[in-house]
Amino acid sequence: MVFLFQNHFKTAFEQYITPQTLISCVVFFLCITFSIVFFTYLYLGLKKRAFFFKERIKKNLELWISNVILADDDEEIRIPEKFQRLFKTKAARDYAIENLITNKKTFSGSVANNIRQLYEELGFKQDSLKKLQSNFWYIKAKGIQELAIMDQNDQLLRVYRLTNSKNDLVRNEAQAAIIHWSGFNGLRFLNIASYDISEWQQVQLLVQLKNFTQQDMPKMQQWLSSPNDTVVIFALKLSEVYQQFQVKNKVEECLFHTNEKVRIQAVATLAKIGDENSAGKMIQQYRQERFTNRINILQQIHKIGSEAHIPFLQHELENENDFLKLAAAKAMAELGSIKLLEEKAAENPEPYQQIYQHVKAEMTF
Amino acid sequence: MKILIAEDEPLILQTLELKLKKEGYDVIGCTDGLDALQKIDAEQPDLVITDIMMPYMSGLEVVRKVKQDDVQKNIPVIVLSTMGQENIVEEAFELGADDYLKKPFSLSELSIRIKRLAKKG
C-alpha cells in the first residue's frame, strides 16, 4: 500500500517538477535565505557602528562642551582641531546642538551666554536656519525651537511669518518663539492669526507671558473683534489675566457672540473686569443661553452684581432645573440676600429648605 | 563639603558636577531618585540638590524620605524645578525642602544658595 502511494506520488512529482526545476528552486531559496542573513548582519553592523560613533562623539564632546560653557566670560573659545574635523559630520553636529540646547534650557547667566556664543561660533546657527527652510514640518519646527532657545532674535521676522503657518506644530513653535523673544510685543502675531489657536497652545502662551513684565496691549480691541474665534477667546483670557479694563465694553459685546465658547469666556472675563452694567448684560443674554452658559452666568454674576440683580435670581429660584436653582440661591447668598432665601424656604420647605441649608453650610465653611 | 546631585539629564549633571568640583566641593552624582536615596544612605552628604522629575523615584519622594529620616533630616535639600511646577515646589517646601531654583538658573546663584545653606548648617 505504502509502496503504491510512493510510486504514485513519485510519478506525479516527476510529471510536474523536473530535476532542473527543483535544483533552480533550491538555489533560489538558498539565495533568498543568504541574502536575508547578509542584509540583517549588514544592518546590525551599521547600527552598531553608528552607536559606537555616537558614543565616541559623546565621550569626546560632552566634557569639552561642559568645560567651555563653564569658562570665564573673558576666556576665548578655542575649538580643538579634532573637533573641527568631527563637526564636519552631521551626527556630531546634531549631537552637539542637542547638547547645547539641553544646557541652555537649564542654565541662565554667564553659562547661557557661553552656550549661545559656542552655538554661533561652531556655525550651528546655519544648521538651524537650514532646518527652517526644510519642507518637512517637523524639521522646520525643530529649527524654530533651536533659534528661539539660542536667543537668535535677528531671525524674528522670518519666524514671525511662520506664526500663521498652515501646519499647527510649526505655527505653535513660531508663536512660542516670538513670545520668547519679544514678550507682550510678540502678541502681534494675533493680528494675522487666521488658523485656530488650540486651548493647549493658549495655556502655553499664557505661562510663557508670566516671565515678562506686563506691557500695554493696544491691539486688544482689534483681537476681540477678530474673525478668528480662537483669537477672540485668547484675547478674552488675556483681558481677564491682565485686567484690561479699557476693553470692558468690547468684552460685553462678546456676550452676544455667535460662538458659545466665546460667550462662556466673556462671562469669565467680565467677572474680573466687569461692573454692574456687565451683570445686567449677562442677564439680558441669559435666556438665549443653553444650560452650560446659564450656570456659568449664575456662578459668576455675584462677583460683579448687586442688589439690583436679586429679582432675576429670585426668578431663577423657580427654574425647573435643580442645578440652576441651587446656583441662583448661592449667588443670592453671595450678594447678601440669604435672608430672602430663608423666607423662601419657610414658605416652600420643599425643596428650598434643603437648598437653604446647603447654601448656609457652604457660606459658613 | 560633600554635595549629592540627583539629576536625570546626564549633560546637566556633568555641568553641575564640573562647576561644583571647580569650587572645591566633593560631588556625588546620580541620575535617578532611587540611586540618590541609596547614595545618601551610604555617603551621608552635607547637602542634596535634586531635580523634581526623575525616573524610579521623584525628587519630591527623595525630599520626603530624607526629611522623615531621623539621621538625615538635617541635611539641607535644594530642589530644582521647571516652569509650571509652582505647586510641586510648594509641596516640596511642605515636605521640608530648604530652598529651590527654577530652571533656567544661573550657576552663581546656585553657589550662593549652597554657601548660605552651608552656613546655616
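Author: Two strands are said to pair if DSSP finds at least two bridges between them, and the elements themselves are DSSP runs, numbered from the N terminus, with helices being H or I of at least four residues and strands E of at least two. The model is a predicted one, in which local features need pLDDT of at least 70 and side-chain atom pairs count only at pLDDT 80 or more, whereas totals for chains, interfaces and linings use all residues. Residues are numbered from 1 along each chain as its sequence is written, chains are lettered from A and ligands numbered from 1 in the order in which they are written, and side-chain values use heavy atoms, with hydrogens and water left out.

Strands of a sheet pair through backbone hydrogen bonds, either parallel or antiparallel. In chain B, five strands form an open sheet with parallel pairing, in the order 2-1-3-4-5. Its edges are strand 2 (26–30) and strand 5 of chain B, each of which pairs on one side only. From one strand to the next the twist averages 20°. Strand 1 (residues 2–6) of chain B runs parallel to strand 2 of chain B and is joined to strand 2 by five bridges; within strand 2 of chain B, B:Ile28 is the residue that stands opposite B:Leu4.

Helix 1 (residues 10–22) of chain B touches strand 1, strand 2, strand 3 and strand 4 (77–81) of chain B, and its direction makes about 170° with that of strand 2 of chain B. Helix 3 (residues 59–68) of chain B touches strand 3 and strand 4 of chain B, its direction making about 170° with that of strand 4 of chain B.

A charged pair also involves strand 3 of chain B. A salt bridge is a side-chain nitrogen of Lys or Arg within 4 Å of a carboxyl oxygen of Asp or Glu, and B:Lys103 forms one with B:Asp51, the closest N and O atoms being 3.4 Å apart. B:Asp51 belongs to strand 3 (residues 47–51) of chain B and B:Lys103 to the loop between strand 5 (99–102) and strand 6 (105–106) of chain B, so the pair ties together parts that are 52 residues apart in sequence. Buried means under 20% relative accessible area, exposed over 50%, and partly exposed in between, with a 1.4 Å probe and protein chains only; by this scale B:Lys103 is buried at 11%, and B:Asp51 is buried at 6%.

Over all chains, the structure holds 30 salt bridges. In chain A, A:Arg93 and A:Asp127 form one, with their closest N and O atoms 2.8 Å apart. A:Arg93 lies in helix 4 (residues 90–106) and A:Asp127 in helix 6 (residues 124–132) of chain A, so this pair ties together parts that are 34 residues apart in sequence. A:Arg93 is buried, with a relative accessible area of 17%, and A:Asp127 counts as buried too, at 14%.

A:Lys250 counts as buried at 17% relative accessibility, whereas A:Glu253 is partly exposed at 48%.

As for helix against helix, helix 10 and helix 12 (residues 229–241) of chain A pack at an angle of about 35°, with their axes 11 Å apart. A crossing is left-handed if the near helix is turned anticlockwise from the far one by less than a right angle, and right-handed if clockwise; helix 10 of chain A passes helix 12 of chain A in a right-handed crossing. From helix 10 of chain A, A:Gln202, A:Leu205, A:Leu206 and A:Leu209 meet residues of helix 12 of chain A including A:Ile233, A:Phe234 and A:Lys237. The residues of this contact divide into six nonpolar, two polar and one charged, where Ala, Val, Leu, Ile, Met, Phe, Trp, Tyr, Cys and Pro count as nonpolar, Asp, Glu, Lys and Arg as charged, and the others, Gly among them, as polar. A:Gln201 is also found in helix 10 (residues 199–209) of chain A; this residue is buried at 5% relative accessible area and, not counting residues up to four places away in sequence, touches A:Asn172, A:Gln175 and A:Ala176.

Note on methods: Contact = heavy atoms within 4.5 Å. Axes fitted to C-alpha atoms, helices over the stretch in contact; angles between N-to-C directions.
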